[in-house]
Structure formats: structure tokens, C-alpha cells
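Colleague: I am new to reading protein models. Could you take me through one, feature by feature?

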Amino acid sequence: MKNVCIVITARPSYSRIKSVMIALKKHKQINLKVVVTASSLLERYGKVADVIKKDGFDVEAEAFSIIEGGSLPQAVSSVGVSLIELSSIFSRIKPDFVVTIADRYETIANAIAASYMNIPLIHIQGGEFTGSIDNKVRHAITKLADVHFVASSVAMKRVIAMGEDPEFVFNTGCPSIDIAKEVLERNFSNFNPFESYSGTGPLLDLSKGYVVVMQHPVTTEHEEASIQIKKTLNAMKRLNKPILWFWPNVDAGSDATSKVLRVFREKEPNNKFHFIKNMKPKDFLQLLLNSSCLVGNSSVGIRECAFLGVPVVNIGSRQNGRERSENVIDVDYEEDSIYLASQDQIRNGKYKSSNTYGSGNSGEKIAEIISKIEVNVEKKDFLHSLKN
């Protein structure tokens, strides 16, 4: 029996790993241990820890680590606190593997703690390329990780090119596509988000279409966060459609972003905007599937929306370099560009489903590989074999 510890740090981390958790929990050779930390424990960011528990997963440990304030030094401090907390947790639960997800800044703490404690590290979604600090974090974790489950063939080539042993690099697709596949097959067209999720703002008539907005601050552009969110806000006001706006992630610049949204919410309460902190992964993807368009800079627009065929207006540099499907239009932080692209995408309607990030069976693939794989934490680096 293998003890497999999954560390969940934020709202998007859970949606990226949920199908793997389900498969691991069912597997007879696996003892799943879930650790929640960082913003996944905070009410202002939707407290995804509660969603995890309601979905039937036992939480082995909770580690409060976020130093709030939305600045770069506080992000660094948060990583430091995570390191201290996780070292104690790993020492107690003695995992055979630690699983860390994607590229959010706080995930580097999971990788460092496991590596320094000689615990084999599994990385989900390495080998991708984007903007911001995420690239550095993602690639650093790749070099610390012992096993890699990547989401595309291009990502697989990148990880191997970085010197990782091809024997431990697996193209399984993205686990979040597993949930998207379920949603696409069931398609509850009458899904009403206001019945299960209160949020703030008027209860909108969604029967004639609506737009979902999810825009996060960019770490390397955090001083411009308030200006950037105002551009999108103004463009959405001009669109004159029901807007379901999701609260930003906890990144440098998040306080400035949140302040702009709060001021707007208080000064213009009669606008067609409803603000939501969090949803269960399936409900969120159902909301996206039934929407006219997604606007913002979340990777869900590049990844899950491609599979669902949802039109996307991707703003700014946050997703630069990530593989795209035809459902995405890229624009800068310019009000007119955001507004016009949103109009075009709404008129276009749904796109053909894309399998760029998988076909919907990643969770079971990953669980089966973990159950069988044997890893030596003394990693080989295959870069030495390259000729000058």
C-alpha cells in the first residue's frame, strides 16, 4: 500500500487534480492523504477546503500559510511559512509520494519540502510555457520532481529536453478535462448558479446568454493590477449583458484588484454584475459551458474551454506561450479591444471541441501509473548526454 499525499494550495489546484483524487481513493493499492494549505483555507478566496470535504475526501492536515496583503514580500513570506508547516506534516504522515500541481507560486514550497525530505515528488502539468513568475516556478518544480504527468505532447518534449528521464515522463492529458468531459456529456442546460451559490449582486436573468469573467493579477505586473482590471470592467459595462464575475486568486496585486471590484459593486449596484467567490469544479464548468463567452486571463479559457468549445477572450500576458485552440482570441489591456473581441466571440458562438489537453481519462491513467511505479530520489540528469 502506497501513501500518496496530494497538496492543494488554491481553488484552481483542486479542479486540476480532482479526478486523480477520485481514482486514487478508489485504488486498492493507494492510501490517499490530502493536505490543504495557502488560499484553499481562506474564506475570501472561496475556501475550497470546504468543497473538498463535501466531495467526500478526508483532509489529513491543514496548514495556514498565507501572509495577506497582496505584495511580493508577503508572497515570499507565505512560501516560507508553507515550508515550515509542510515539513512537519510530511514528517508525521510519512508519504511515499508527494503530488504537487501546476505552477502557482506557493507550490514551490511543496516541491522543496518533499525534495529535501527525500520523498519522491510527482508533478502535474509541467513542461508548459506561460508568462509571469509561473514559468520559473513550473520549471524549477520540474527539476525537483521525480515523476512527471504532462498534459500535451509539446509539454512532454519540453520536460525531456530539460534533462528529465523519459522513463518517468508521461503524457496523460490534463485531469481537469476529465471533469469537462462529464459536464459535456450531461449538459444541464437549466443549471442555475444562484440556487447553490449566493455571491453578491442582483439575481440576473441568464436565459438569453451571459458572460463569465475571471481575471487574476499578474505577478510581474502587480503594480498595474488596478488599471488592468478597470479596463476589463469598463469593457464589460459597455457589453450590457449579464456578467458573472469570479474573485481573483491570491497573487501579488490581488488586493488592488479586489478593491476596484468592491468600489464598483458599491457605487454601481444596479449594473448587471454578480460576483462569486468559488464553485465546485463541475458546477463551474457547467456555468462556462452554458455561457456566451469567457473573458479574462485564466488558464481555464485555454484548457477546459477548448474542450468545451466555449469562446474565450484572453487578456494580457498571463497565458503567453501556452498552446491554444481556435476558441481563443488574444487581446491587450485595452478597453476597446476587450469589448470588440467579446462581441465577436458572442456572435461566433460555440467552437468545435479540442483534445489539445486530453480526452477525459487522465485521472485513472495517473492513478494506475502511481500504483506501479518505483522511483529512486537520486535523479539522473540526461543533459550530460547531449553533444556540444
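Modeller: We will go from the overall fold to one strand, and then to the salt bridges. Keep in mind that this is a predicted model.

Colleague: Let us begin with the whole chain. How many helices and strands are there in the protein?

Modeller: The protein has 15 helices and 13 strands. Its C-alpha trace spans about 60 × 45 × 40 Å along the principal axes.

Colleague: What radius of gyration would a compact globule with 388 residues have, and what does the protein have?

Modeller: A compact globule with 388 residues would come near 21 Å. The protein has 20 Å, so the two agree.

Colleague: What share of the residues counts as buried?

Modeller: Of the 388 residues, 58% count as buried. The cut-off for that word is under 20% relative accessible area. The accessible surface comes to about 16,000 Å², and 50% of that belongs to carbon and sulfur atoms.

Colleague: And contacts along the chain? What share comes from residues 24 or more positions apart?

Modeller: Take the contacts with a separation of 6 or more: 72% of them come from residues 24 or more positions apart.

Colleague: Now a single strand. How do I read its two sides?

Modeller: In a regular strand, side chains alternate between the two faces of the sheet. Now look at strand β1, residues 2-8. Lys2, Val4, Ile6 and Ile8 are on one side, and Asn3, Cys5 and Val7 are on the other.

Colleague: Which strands pair with β1?

Modeller: One is β2, residues 30-37, parallel to β1 over seven bridges. In that pairing, Val7 has Val35 as its bridge partner. Another is β4, residues 97-101, also in the parallel sense, over three bridges. There, Ile6 stands opposite Val99.

Colleague: What do β1, helix α1 and β2 make together?

Modeller: They make a right-handed β-α-β unit, with α1 covering residues 11-26.

Colleague: Next, charges. What is the general idea?

Modeller: Side chains of opposite charge can pair when their charged atoms come close. The count here is 21 salt bridges.

Colleague: Show me one. What is the N to O distance between Glu128 and Arg322?

Modeller: It is 2.1 Å in that salt bridge. Glu128 lies in the loop between β5 and α5, and Arg322 in the loop between β12 and β13, so the pair ties together parts 194 residues apart in sequence. Both Glu128 and Arg322 are buried.

Colleague: What about Glu164 and Lys143: how far apart are N and O in their salt bridge?

Modeller: They are 2.7 Å apart. Glu164 is in the loop between α6 and β7, while Lys143 is in helix α5, 21 residues away. Glu164 counts as buried because its relative accessibility is 3%. Lys143 has 31%, so it counts as partly exposed.

Colleague: Where do Arg238 and Asp336 sit?

Modeller: Their salt bridge has its closest N and O atoms 2.7 Å apart. Arg238 is in helix α9 and Asp336 is in helix α14, 98 residues apart. Arg238 is partly exposed at 36% relative accessibility. Asp336 is partly exposed as well, with a relative accessible area of 46%.

Notes
Residues numbered from 1 in each chain as written. Predicted model: local features only at pLDDT ≥ 70, side-chain atom pairs only at ≥ 80, totals over all residues. Heavy atoms only, no water. Buried < 20%, exposed > 50% of the residue type's maximum accessible area, 1.4 Å probe, protein only. Helix = DSSP H or I, 4+ residues; strand = E, 2+ residues; numbered from the N terminus. Pairing = 2+ DSSP bridges. Right-handed = clockwise from strand over helix to strand, strands pointing away. Rg over C-alpha atoms; globule rule 2.2 N^0.38 Å. Contact = heavy atoms within 4.5 Å. Areas by Shrake-Rupley, 256 points an atom, 1.4 Å probe, with all protein chains shown as cover. Salt bridge = Lys/Arg side-chain N within 4 Å of Asp/Glu carboxyl O.
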